[in-house]
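This report covers the overall build of one protein chain.

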Amino acid sequence: MSGGLQGVLVALDVDGTVVDLDESLSDRVREAVSRVAAAGAHVVVATGRSLHGTLPVLQRLGLHHGFAVCSNGAVTVQLDPAAAEGYRVVSLHTFDPSGVAELLREHLPTGLFAVEVLGRGYKLTAPFPHGELTGEMQIVPFDELFAEPVMRVIIRSPEHTSAEFSRLVDEVGLHGVAYSVGWTAWLDLAPDGVTKASALEEVRLRLDVDADRTLAVGDGRNDVEMLRWAERGVAMGNAPAEVQAVADEVTGTVDDDGLAQVLEGLVAVGPTA
């Protein structure tokens, strides 16, 4: 990358990157994001969060225009203050996960299952641990979750550790879907081939940004494809080793404002920083 920040796409994960585990957003990070946007870059939040869980973060960052990628790439919106909801959905990927979900239920009979309802909340088989899901919650029978195509499925097993859950998922063997395991015993299912990276590539083409003028910062296993996709992929210092391994570089942790360190350097000396 070379030149100014015009025509540069900056993709930012949210949890563990923009905000910490307590949802705290530092003034330094907020100011750094604002400066990069003011310098002409296309700042695109790319998150595993649902749309309704992402919108408050965009408000806190002062991002009211451009694009946002939600639900690990299944939903992309264009922000527009003139629109009724403040956005327009420009890309939505759905799939039928019933076969894979049934297989997982056989191995996780006490697992919690949820499907996202765009812009509203979730349908779920039982309550998740407090604070893990936001929006409207509707308890429904397992089979009713998949009465129509969905954009995302979440499977949660509070009785397992993340490592135990990862081993179980590996043993089951998931085919025909995209999936990622979270920090806890949490699994996201998405349409096959749909990731943050695939959605960001759609956004890049819409914005006519050159592939070598892309930067991505993230910390989770669901950021691996995004970090590989970007010309400059930066892992947070709090990212697991396997995420740091695919990045071009590693910045400070979220508690050390690692994202701000990257963005401040970008504004100071341009995209080659």
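Buried means under 20% relative accessible area, exposed over 50%, and partly exposed in between (1.4 Å probe, protein chains only). Of the 273 residues of the protein, 54% count as buried. This is a predicted model: local features need pLDDT of at least 70, side-chain atom pairs count only at pLDDT 80 or more, and totals for chains, interfaces and linings use all residues. Residues are numbered from 1 along each chain as its sequence is written, and side-chain values use heavy atoms, with hydrogens and water left out.

The protein has eight helices and 14 strands (DSSP runs numbered from the N terminus: helices are H or I, at least four residues; strands are E, at least two). Its radius of gyration is 18 Å, close to the 19 Å from the globule rule for 273 residues, so the protein is as compact as a globular protein of that length. The radius is taken over C-alpha atoms, and the rule is 2.2 Å times the number of residues to the power 0.38. The C-alpha atoms fill a box of roughly 55 × 40 × 30 Å along the principal axes.

Contact means heavy atoms within 4.5 Å. Among contacts with a separation of 6 or more, 57% join residues 24 or more positions apart.

| Element | Residues |
|---|---|
| strand E9 | 153-156 |
| helix H4 | 162-172 |

Ser157 lies in the loop between them. Ser157 is buried, at 1% relative accessible area. Leaving aside residues up to four places away in sequence, Ser157 touches Leu108, Phe165 and Ala185.
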